[in-house]
Amino acid sequence: RGGVVALVGPSGCGKTTLLRSVNRLTELAPTASISGEVQLDGSNIYDRGTDLNLLRRRVGMVFQQPNPFPMTIFDNVAFAMREQAKSRPSRSSLMPAVEDVLQRAGLWDEVKDNLDRNALSLSGGQQQRLCIARTLAANPEVILMDEPCSALDPRSTARIEELIVQLAGSLTIVIVTHNLAQAKRIGDYAAYLLNGDVIEQGLAQQVFEDPTEQSTRDFVSGMFG
(Lines give C-alpha, C1' and ligand atoms only; values in the text may rest on other atoms or scores of the structure.)
Protein backbone atom coordinates (compact mmCIF):
# COMPACT_ATOMS: atom_id res chain seq x y z
CA ARG A 1 0.00 0.00 0.00
CA GLY A 2 1.21 3.49 -0.84
CA GLY A 3 4.23 2.45 -2.94
CA VAL A 4 5.32 1.94 -6.53
CA VAL A 5 5.53 -1.67 -7.72
CA ALA A 6 7.46 -2.17 -10.98
CA LEU A 7 6.73 -5.25 -13.08
CA VAL A 8 9.69 -6.10 -15.31
CA GLY A 9 10.70 -8.89 -17.64
CA PRO A 10 11.21 -9.64 -21.34
CA SER A 11 8.50 -9.05 -23.93
CA GLY A 12 5.70 -11.59 -23.77
CA CYS A 13 6.43 -12.71 -20.21
CA GLY A 14 2.98 -11.78 -18.87
CA LYS A 15 3.51 -8.34 -17.32
CA THR A 16 0.53 -6.66 -18.98
CA THR A 17 -1.67 -9.73 -18.50
CA LEU A 18 -0.92 -9.66 -14.77
CA LEU A 19 -1.48 -5.90 -14.59
CA ARG A 20 -4.83 -6.07 -16.39
CA SER A 21 -5.95 -8.90 -14.12
CA VAL A 22 -5.87 -6.58 -11.13
CA ASN A 23 -9.00 -4.77 -12.31
CA ARG A 24 -10.42 -7.65 -14.37
CA LEU A 25 -9.67 -6.34 -17.83
CA THR A 26 -7.86 -9.51 -18.94
CA GLU A 27 -11.08 -11.52 -18.88
CA LEU A 28 -12.49 -9.32 -21.66
CA ALA A 29 -10.30 -11.27 -24.10
CA PRO A 30 -12.44 -13.98 -25.73
CA THR A 31 -9.81 -16.68 -25.09
CA ALA A 32 -9.29 -15.82 -21.42
CA SER A 33 -9.88 -18.35 -18.65
CA ILE A 34 -9.93 -17.62 -14.93
CA SER A 35 -8.46 -19.50 -11.99
CA GLY A 36 -6.99 -18.49 -8.64
CA GLU A 37 -7.56 -15.24 -6.78
CA VAL A 38 -6.56 -11.60 -6.82
CA GLN A 39 -7.06 -10.03 -3.41
CA LEU A 40 -7.67 -6.36 -2.74
CA ASP A 41 -7.73 -5.50 0.96
CA GLY A 42 -8.18 -9.21 1.72
CA SER A 43 -11.17 -9.74 -0.59
CA ASN A 44 -11.01 -11.77 -3.80
CA ILE A 45 -12.00 -9.44 -6.65
CA TYR A 46 -13.01 -12.50 -8.74
CA ASP A 47 -15.78 -13.49 -6.33
CA ARG A 48 -19.24 -13.58 -7.84
CA GLY A 49 -21.12 -10.42 -7.07
CA THR A 50 -18.08 -8.14 -7.40
CA ASP A 51 -19.26 -4.75 -8.66
CA LEU A 52 -16.95 -4.20 -11.64
CA ASN A 53 -17.76 -0.50 -11.90
CA LEU A 54 -16.82 0.01 -8.27
CA LEU A 55 -13.70 -2.15 -8.68
CA ARG A 56 -12.50 -0.12 -11.65
CA ARG A 57 -13.04 3.10 -9.73
CA ARG A 58 -10.93 1.69 -6.90
CA VAL A 59 -8.32 0.33 -9.34
CA GLY A 60 -7.82 2.78 -12.21
CA MET A 61 -5.86 2.17 -15.42
CA VAL A 62 -3.51 4.33 -17.48
CA PHE A 63 -2.64 2.81 -20.84
CA GLN A 64 0.49 2.80 -22.99
CA GLN A 65 -0.92 5.24 -25.55
CA PRO A 66 -2.57 8.39 -24.16
CA ASN A 67 -6.31 8.10 -24.77
CA PRO A 68 -8.06 11.36 -23.82
CA PHE A 69 -11.73 11.58 -24.73
CA PRO A 70 -12.53 13.79 -27.76
CA MET A 71 -13.87 16.58 -25.58
CA THR A 72 -12.51 19.52 -23.63
CA ILE A 73 -9.82 19.30 -20.98
CA PHE A 74 -12.38 20.21 -18.32
CA ASP A 75 -14.88 17.59 -19.48
CA ASN A 76 -12.21 14.87 -19.57
CA VAL A 77 -11.48 15.40 -15.89
CA ALA A 78 -15.10 16.03 -14.88
CA PHE A 79 -16.32 12.88 -16.63
CA ALA A 80 -15.81 10.51 -13.68
CA MET A 81 -17.11 13.09 -11.21
CA ARG A 82 -20.34 13.44 -13.18
CA GLU A 83 -20.68 9.66 -13.52
CA GLN A 84 -20.46 9.24 -9.75
CA ALA A 85 -22.82 12.09 -8.89
CA LYS A 86 -26.49 11.38 -8.12
CA SER A 87 -27.54 14.43 -10.13
CA ARG A 88 -25.60 16.29 -12.80
CA PRO A 89 -23.39 18.85 -11.00
CA SER A 90 -22.80 22.29 -12.42
CA ARG A 91 -19.49 23.32 -13.93
CA SER A 92 -18.89 25.85 -11.15
CA SER A 93 -19.42 23.22 -8.45
CA LEU A 94 -16.95 20.88 -10.18
CA MET A 95 -14.25 23.48 -10.79
CA PRO A 96 -12.48 23.17 -7.39
CA ALA A 97 -12.24 19.38 -7.75
CA VAL A 98 -11.09 19.63 -11.38
CA GLU A 99 -8.41 22.13 -10.40
CA ASP A 100 -7.25 19.91 -7.53
CA VAL A 101 -6.93 16.84 -9.77
CA LEU A 102 -5.08 18.78 -12.49
CA GLN A 103 -2.75 20.16 -9.80
CA ARG A 104 -2.03 16.63 -8.57
CA ALA A 105 -1.33 15.54 -12.14
CA GLY A 106 1.11 18.43 -12.64
CA LEU A 107 -0.92 19.91 -15.50
CA TRP A 108 -2.89 22.81 -14.01
CA ASP A 109 -0.38 25.59 -14.69
CA GLU A 110 -0.19 24.58 -18.35
CA VAL A 111 -3.93 24.43 -19.05
CA LYS A 112 -5.68 26.61 -16.45
CA ASP A 113 -6.28 29.46 -18.91
CA ASN A 114 -7.77 27.22 -21.61
CA LEU A 115 -9.82 24.44 -20.02
CA ASP A 116 -12.24 24.47 -22.96
CA ARG A 117 -9.48 23.47 -25.36
CA ASN A 118 -9.94 20.12 -27.09
CA ALA A 119 -7.88 17.57 -25.17
CA LEU A 120 -6.70 15.98 -28.41
CA SER A 121 -4.77 19.17 -29.24
CA LEU A 122 -2.44 18.68 -26.25
CA SER A 123 1.06 17.27 -26.66
CA GLY A 124 1.62 13.56 -26.02
CA GLY A 125 3.07 14.15 -22.57
CA GLN A 126 0.24 16.51 -21.64
CA GLN A 127 -2.34 14.01 -22.89
CA GLN A 128 -0.84 11.28 -20.71
CA ARG A 129 -0.90 13.55 -17.64
CA LEU A 130 -4.51 14.41 -18.48
CA CYS A 131 -5.32 10.70 -18.57
CA ILE A 132 -3.69 10.34 -15.15
CA ALA A 133 -5.78 13.29 -13.92
CA ARG A 134 -8.93 11.66 -15.32
CA THR A 135 -8.05 8.48 -13.44
CA LEU A 136 -7.37 10.41 -10.23
CA ALA A 137 -10.78 12.07 -10.53
CA ALA A 138 -12.43 8.76 -9.60
CA ASN A 139 -10.49 8.72 -6.28
CA PRO A 140 -8.81 5.34 -6.84
CA GLU A 141 -6.83 3.42 -4.25
CA VAL A 142 -4.62 1.83 -6.92
CA ILE A 143 -3.48 3.02 -10.34
CA LEU A 144 -2.25 0.51 -12.91
CA MET A 145 0.13 1.92 -15.54
CA ASP A 146 0.99 -0.06 -18.65
CA GLU A 147 4.23 1.45 -19.99
CA PRO A 148 2.88 5.01 -19.66
CA CYS A 149 6.09 6.61 -20.98
CA SER A 150 6.87 4.36 -23.96
CA ALA A 151 5.38 6.80 -26.49
CA LEU A 152 6.86 9.93 -24.88
CA ASP A 153 10.04 11.94 -25.34
CA PRO A 154 12.66 12.01 -22.54
CA ARG A 155 11.45 15.33 -21.14
CA SER A 156 7.83 14.17 -20.91
CA THR A 157 9.00 10.85 -19.47
CA ALA A 158 10.82 12.70 -16.69
CA ARG A 159 7.64 14.65 -15.87
CA ILE A 160 5.59 11.45 -15.65
CA GLU A 161 8.22 9.81 -13.43
CA GLU A 162 8.22 12.82 -11.10
CA LEU A 163 4.44 12.64 -10.96
CA ILE A 164 4.47 8.92 -10.11
CA VAL A 165 6.88 9.52 -7.23
CA GLN A 166 4.72 12.39 -5.94
CA LEU A 167 1.52 10.34 -6.09
CA ALA A 168 3.04 7.33 -4.32
CA GLY A 169 2.15 7.40 -0.66
CA SER A 170 -1.37 8.69 -1.23
CA LEU A 171 -2.15 5.64 -3.38
CA THR A 172 -0.54 2.49 -4.75
CA ILE A 173 0.90 2.43 -8.27
CA VAL A 174 1.68 -0.74 -10.22
CA ILE A 175 3.67 -0.01 -13.37
CA VAL A 176 4.76 -2.21 -16.25
CA THR A 177 7.96 -0.96 -17.86
CA HIS A 178 10.54 -2.28 -20.31
CA ASN A 179 12.92 0.40 -19.05
CA LEU A 180 14.99 -1.10 -16.23
CA ALA A 181 16.56 2.27 -15.43
CA GLN A 182 13.09 3.71 -14.99
CA ALA A 183 12.05 0.82 -12.75
CA LYS A 184 15.13 1.43 -10.59
CA ARG A 185 14.43 5.17 -10.39
CA ILE A 186 10.81 5.03 -9.32
CA GLY A 187 10.15 1.53 -7.95
CA ASP A 188 9.84 0.82 -4.25
CA TYR A 189 9.15 -2.83 -5.00
CA ALA A 190 9.76 -4.94 -8.08
CA ALA A 191 8.63 -8.23 -9.53
CA TYR A 192 10.50 -10.02 -12.30
CA LEU A 193 8.36 -12.17 -14.60
CA LEU A 194 9.39 -14.84 -17.10
CA ASN A 195 7.14 -17.11 -19.18
CA GLY A 196 4.07 -16.23 -17.14
CA ASP A 197 5.66 -16.85 -13.74
CA VAL A 198 6.81 -14.40 -11.07
CA ILE A 199 10.43 -15.50 -10.67
CA GLU A 200 11.42 -13.01 -7.99
CA GLN A 201 9.83 -10.16 -6.08
CA GLY A 202 10.75 -7.87 -3.23
CA LEU A 203 12.28 -4.49 -2.54
CA ALA A 204 13.40 -2.94 -5.82
CA GLN A 205 16.93 -2.40 -4.59
CA GLN A 206 17.27 -6.08 -3.68
CA VAL A 207 15.75 -7.35 -6.93
CA PHE A 208 17.91 -5.13 -9.12
CA GLU A 209 21.18 -5.09 -7.18
CA ASP A 210 21.30 -8.40 -5.31
CA PRO A 211 18.82 -10.85 -6.89
CA THR A 212 18.64 -14.37 -5.55
CA GLU A 213 17.65 -16.12 -8.79
CA GLN A 214 20.14 -16.65 -11.62
CA SER A 215 17.49 -15.78 -14.21
CA THR A 216 16.91 -12.43 -12.51
CA ARG A 217 20.63 -11.75 -12.41
CA ASP A 218 20.91 -12.50 -16.12
CA PHE A 219 17.96 -10.22 -16.96
CA VAL A 220 18.99 -7.20 -14.89
CA SER A 221 22.58 -7.46 -16.14
CA GLY A 222 21.30 -7.24 -19.73
CA MET A 223 22.18 -10.76 -20.86
CA PHE A 224 18.71 -11.11 -22.42
CA GLY A 225 15.48 -9.16 -22.68
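Which residue in β8 is the bridge partner of L194? Select L194 and D197: D197 is the partner.

This is a predicted model, where local features need pLDDT of at least 70, side-chain atom pairs count only at pLDDT 80 or more, and totals for chains, interfaces and linings use all residues. Residues are numbered from 1 along each chain as its sequence is written, and side-chain values use heavy atoms, with hydrogens and water left out.

**The sheet**

Next, select strand β7 (residues 189–194) together with β8; six bridges join the two, and they run antiparallel. Helices (H or I, at least four residues) and strands (E, at least two) are DSSP runs numbered from the N terminus. Two strands pair if DSSP finds at least two bridges between them.

Now show the whole open sheet, six strands in the order β4-β5-β6-β1-β7-β8 with mixed pairing. At its edges stand β4 (59–62) and β8 (197–203), each with a single partner strand, so one side of each has no neighbour in the sheet. On average, neighbouring strands are turned by 15° against each other, direction ignored. Contact means heavy atoms within 4.5 Å. Axes are lines fitted to C-alpha atoms, for helices over the stretch in contact, and angles run from 0 to 180 degrees between N-to-C directions.

**Aromatic rings**

Select F69 and F79. Their ring centres are 5.0 Å apart and their planes are at 65°, so the pair is edge-to-face. Rings of Phe, Tyr and Trp (its six-membered ring) pair if their centres lie within 6.5 Å; planes under 30 degrees apart count as stacked, over 60 as edge-to-face and the rest as tilted. F69 lies in the loop between β4 and α3 (73–84), and F79 in helix α3.

Move to Y192 and F219, a stacked pair with 5.1 Å centre to centre and 25° between the planes. Y192 belongs to strand β7 and F219 to helix α10 (residues 214–220), 27 residues apart.

**Q182**

Finally, select Q182 in helix α8 (residues 180–186). Q182 counts as buried, at 4% relative accessibility. Leaving aside neighbours within four places in sequence, Q182 is in contact with C149, T157, E161, I175, T177 and G187.

Conventions: Buried < 20%, exposed > 50% of the residue type's maximum accessible area, 1.4 Å probe, protein only.
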